[in-house]
Amino acid sequence: MVLSDRTIKEELAAGRIIVEPHDPRDIQPASIDLHLDRKLLVFRNSRLPYIDLRKPLPELMEGLEIPGDDPFILHPGEFVLASTLERIALPHDIVARLEGKSSLGRIGLLIHSTAGYVDPGWDGHLTLELSNVARLPITLYYGMRIGQISFLRMTTAVDRPYGSKELGSRYQGQKDPTASRVHIDFDQRRAR
């Protein structure tokens, strides 16, 4: 069941859902608007002929910050990682969905490729996968509304929330945009 604005406010007041900072004006009928933080990860021009999923690739991306009130220009076909300004924390019986703002989607800005699902037990800033599918560059500004998060109550609390040691959760507690850690899958297979 999707939580309504009334239930979202109740869960925030009880401290079960954490969205900080948050402005009450960002609460929509069934979601909360989220904002863009300053830090970005952009792909470097690399001499690598391909991305090898078995290897960590720290040289693949570099960090940038959106300066002051100046925009970051996201060019057509470009892909960058960004982060929400807000820290999100969920209890063990609520999952969340991250979605784009329709106003941004209508100009060709996508905010996630596949990472729209937020597991129960999550705590941290969400990494955004920003893509420009338009034919013109798009300006991104620090603090702009970038997406929205909705919440769904589960039938029961989970046995193993995100962040549990046995799950090997890779991104719990992240504060900045975080590059892929998919290589860990291969490291764990080799260790078996």
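The model is predicted, so local features need pLDDT of at least 70 and side-chain atom pairs count only at pLDDT 80 or more, while totals for chains, interfaces and linings use all residues. Residues are numbered from 1 along each chain as its sequence is written, and side-chain values use heavy atoms, with hydrogens and water left out.

The largest nonpolar core holds 36 residues. A nonpolar core is a set of buried Ala, Val, Leu, Ile, Met, Phe, Trp, Tyr and Cys residues joined through side-chain atoms within 4.5 Å. Buried means under 20% relative accessible area, exposed means over 50%, and partly exposed lies in between (1.4 Å probe, protein chains only). L36, L130, L140, I146, I149 and F151 touch the most other members of this core. I146 has contacts with L34, H35, L36, G100, K101, L104, L109, I111, L128 and L130, residues up to four places away in sequence being left out. Contact means heavy atoms within 4.5 Å.

H35 is one of the residues touched by I146. H35 sits in strand β2, residues 32-35. Helices (H or I, at least four residues) and strands (E, at least two) are DSSP runs, numbered from the N terminus. H35 counts as buried because its relative accessibility is 11%. Its side chain makes a polar contact of 2.6 Å with the side chain of E86. A polar contact is a pair of N or O atoms within 3.5 Å; within protein, one must be able to donate a hydrogen and the other to accept it, and residues adjacent in sequence count only if both atoms are side-chain atoms. Beyond four places in sequence, H35 touches D26, S83, T84, L85, E86, G143, M144, R145 and I146.

Charged pairs come next. Side chains of opposite charge can pair when their charged atoms come close. The structure holds 13 salt bridges. A salt bridge is a side-chain nitrogen of Lys or Arg within 4 Å of a carboxyl oxygen of Asp or Glu. One of them joins the side chains of E20 and R87, at 2.6 Å from N to O. E20 lies in strand β1 (residues 18-20) and R87 in strand β6 (residues 79-89), so this pair ties together parts that are 67 residues apart in sequence. E20 is partly exposed, because its relative accessibility is 39%. R87 is also partly exposed, at 22%. E20 is joined to P21 by a cis peptide bond, with omega at about -5°. P21 belongs to the loop between β1 and β2.

K101 and D33 form another salt bridge, and their closest N and O atoms are 2.8 Å apart. K101 is in the loop between β7 (94-100) and α2 (102-105), while D33 is in strand β2, so the pair ties together parts 68 residues apart in sequence. D33 is buried, with a relative accessible area of 0%. The side chains of D176 and K39 also meet in a salt bridge, at 3.5 Å from N to O. D176 lies in the loop between β12 (145-153) and α3 (183-191) and K39 in strand β3, so this pair ties together parts 137 residues apart in sequence. D176 is partly exposed, with a relative accessible area of 33%. K39 is partly exposed, with a relative accessible area of 33%. Elsewhere, E11, R16, D93 and R153 are linked in a network of salt bridges.

The loop between β12 and α3 also holds Q172. Q172 is partly exposed, with a relative accessible area of 31%. Its side chain reaches the backbone oxygen of G121 at 2.9 Å. A polar atom of the Q172 side chain also lies 2.8 Å from the backbone nitrogen of D123. Leaving aside neighbours within four places in sequence, Q172 is in contact with G121, W122, D123, Y162 and G163. R181 is placed in the loop between β12 and α3. R181 is partly exposed, with a relative accessible area of 31%. Beyond four places in sequence, R181 is in contact with R170 and Y171. The C-alpha atoms of R181 and R54 are separated by 9.5 Å, although these residues are 127 residues apart along the chain.
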